[in-house]
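Student: I'd like a close look at one part of this model, please. Could you take me through it slowly?

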Number of protein chains: 2
Amino acid sequence: MRQITAEDLEYLAVGAAILGTGGGGDPFIGKLMAQQAIAEEGPVTLLDPHEIADDAFILPAAMMGAPTVMIEKIPEGREIVRALRAEERRLGRKADIITPIECGGLNSQIPFILAARTHLPVLDGDGMGRAFPELQMITFHIHGLSSSPAVLADERGSLITLETPDDFELEWQARGITIRMGGQAHIISTPLSGADYKRAAVFGTVSMGIKIGQAVLSAHSRGMHPVEAICEATQQTASGRAIVLFKGKVSDVERRTRAGFAMGRATIQGLGEYRESQLSIEFQNENLVAMRDGEVLASVPDLICLLDSEVGTAITTERLRYGQRVVAIGIPCAEIMRSEAALAVWGPKVFGYDIPFIPLEQRFKDYYRKYGVAGDKEKYLTA
Amino acid sequence: MRQITAEDLEYLAVGAAILGTGGGGDPFIGKLMAQQAIAEEGPVTLLDPHEIADDAFILPAAMMGAPTVMIEKIPEGREIVRALRAEERRLGRKADIITPIECGGLNSQIPFILAARTHLPVLDGDGMGRAFPELQMITFHIHGLSSSPAVLADERGSLITLETPDDFELEWQARGITIRMGGQAHIISTPLSGADYKRAAVFGTVSMGIKIGQAVLSAHSRGMHPVEAICEATQQTASGRAIVLFKGKVSDVERRTRAGFAMGRATIQGLGEYRESQLSIEFQNENLVAMRDGEVLASVPDLICLLDSEVGTAITTERLRYGQRVVAIGIPCAEIMRSEAALAVWGPKVFGYDIPFIPLEQRFKDYYRKYGVAGDKEKYLTA
């Protein structure tokens, strides 16, 4: 248990933007809203998932929509509280604890807005270990826990409660509603018990975000390059040590907002030791596959992040533009996100790429032998 | 109060198809479902709105979507019961009475499916006095009564509850959800008290549908042409005496399903005394404007119906095709549907036609002087 302050949210915003893997929305506006909520209501308690009761009643909070919309359309501020109250009313029970459902990007902050306003604690974990574009792409779904009932709220006061036979139908309907809400919505979904959470969540992802953000922001004062600091900081998390995949200059960005998603491809012309090469990154809200001269370097669900090559902060899909100097890094995802059942929900094939998922540690054995095994993934080096 | 039997539903299907003014969906499948429900559960009580208590709790039942979809996609049968139960759960109160919200077309039957299955009575009235394409096009909305909360249900078990700040937003979201439900949905909306209903409903529209259907089906045995029988039968209803506008052959139909609606135009080449003329009818699910050689003969909210010229049954928009011999009739709508507030919701301008609404009785004074004033609309003849 620890108290989350406005300063922690500053770090979290930087770290979560990296965990957003290009998507998840820029955390900036969410951070300001959460900091204001904490300034008005006091700090928020962050709970270790191990310490919660099995019968605790947990509600996940998030926004959904296209990140391209979120940077232009500012929330009203109480949407997520209205959504929580409607979900509690539907279920006849008050929430005990809030959890992020997506630790990457903007959705790292939304639970803290809600928690500050309702004086509830937040869990140090989530259902994605990163950002993903669709609602059913969560470990809770993979563990058979339903996202229904879910409540969507908008800034004009609409509340829409969804109960569907499966989570794919929930995503389908919620996406349509979000589009008609103007491209973004606040959502409470997937009511969970403490026991469910301990079985199905990715642990430690809020504190991972804070840790990564601290590493980036303190790197220069410690005489390190921020990217080096990220590699070091990620080593002891539920994910694993980051690896530099590429360095270069953004030479082309194709981007379109379609069916409520930001879709496209970025091309990066190599610089320095990479100058003879091109990296191409395909994204659907999040970066999905990184290819160097046609060869796959990393793929979903491992994290692919584009960082500003000077300051080490994330560049989200919607802010990518020609001429930016970037470093592409990969971060091995948490082990719970690599099971066969998990890959059936968010492996490369789900997004239309006919490639197998090969973990970063297996693609880059020399690097991980040198720096130590990422997270708890010993097996990938001995295989 | 009277009991509605399977035979009454046979008449109602014929009459309601005419009141559907080309839209509202073909009542055939709904009729079979309602007749089966009555066969299994017993007849349904039809209540006169005058006799209900002011504090009665009334829930309207309907389907929404494009009629073009409804003739191909058969409901599962319990959707409307699930929607009712979800609405009752949301409001914490059991319904006392069911009402149609749209007496025209398929939606004349849906309340009887629900009423038979739940052993509740049905009110002899509705919120449209005909069929209209959008949810907010109801007298309840015009009288300031909210459609929220509304529940949409589909055949796969999804239940979506909408609470919106206004009825236009409800229509907007419900339409999108209906499209994603496959083009049709069952809906419970606009919870009403008995006092609300007495103030805001169009009265007598179920029995009007039955009366028109009886007139059509018994016409030949009484030595009358069915269209003549319709004119006679409508004279003593809340609407008013029908008038023949045109007779001819369908020479062209443009039809497209767009944004969840069946839109288009039918052209009818005159026969007999009309042979030098063309009638064109524009529709959006329902027939909106009838023009003879460019001159407006009738417009929404008055009813414009295309009937089979032999048997007098309605031809709905989605079944219109080249070569059909048709009679176009107009029926003056109920007076409550012609107020300034009502015309702001469903007058010709709402559908994009820059024409004033002129009541049929005013357009055809000679006819109405000869046959008597339609409904209670004396003023249109003396003006």
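Student: In which sense do strand β12 (residues 243-258) of chain A and β13(A) pair, and over how many bridges?

Tutor: Happy to! The two strands pair in the antiparallel sense, over 10 bridges. Before we go on, this is a predicted model, in which local features need pLDDT of at least 70 and side-chain atom pairs count only at pLDDT 80 or more, while totals for chains, interfaces and linings use all residues. Residues are numbered from 1 along each chain as its sequence is written, chains are lettered from A and ligands numbered from 1 in the order in which they are written, and side-chain values use heavy atoms, leaving out hydrogens and water.

Now for two terms. Strands (E, at least two residues) and helices (H or I, at least four residues) are DSSP runs, numbered from the N terminus. Two strands pair if DSSP finds at least two bridges between them.

Back to your strands: A:K249 stands opposite A:Q269 in β13(A). The hairpin of β12(A) and β13(A) has two residues between the strands, and there A:A259 takes a positive phi near 55 degrees. Strand β13 (residues 261-270) of chain A is also joined to strand β14 (residues 278-284) of chain A by seven bridges, again running antiparallel. Along that pairing, A:A266 has A:I281 as its bridge partner. Eight of the 10 residues of β13(A) are buried, so the rest of the structure largely encloses this strand. Here, buried means under 20% relative accessible area, exposed means over 50%, and partly exposed lies in between (1.4 Å probe, protein chains only).

Chain B lets us follow a whole sheet. It is an open one of seven strands, in the order β16-β15-β14-β13-β12-β18-β17, with antiparallel pairing. At its edges stand β16 (295-299) and β17 (303-308) of chain B, each with a single partner strand, so one side of each has no neighbour in the sheet. From one strand to the next, the twist averages 35 degrees. Axes are lines fitted to C-alpha atoms, for helices over the stretch in contact, and angles run from 0 to 180 degrees between N-to-C directions.

Let's walk through some of these pairings. Strand β13 (residues 261-270) of chain B is joined to β14(B) by seven bridges, and B:Q269 stands opposite B:Q278 in β14(B). β14(B) in turn pairs with strand β15 (residues 286-292) of chain B over six bridges, where B:S280 faces its opposite residue B:M291. One residue lies between the strands of this hairpin, and B:N285 takes a positive phi near 60 degrees. Six of the seven residues of strand β14 (residues 278-284) of chain B are buried, so this strand too is largely enclosed by the rest of the structure.

Elsewhere in the sheet, strand β12 (residues 243-258) of chain B pairs with strand β18 (residues 325-331) of chain B over six antiparallel bridges. One pair of bridge partners there is B:K249 and B:R325. Finally, helix α10 (residues 226-234) of chain B lies across β12, β17 and β18 of chain B, at about 10 degrees to β18(B); contact here means heavy atoms within 4.5 Å.
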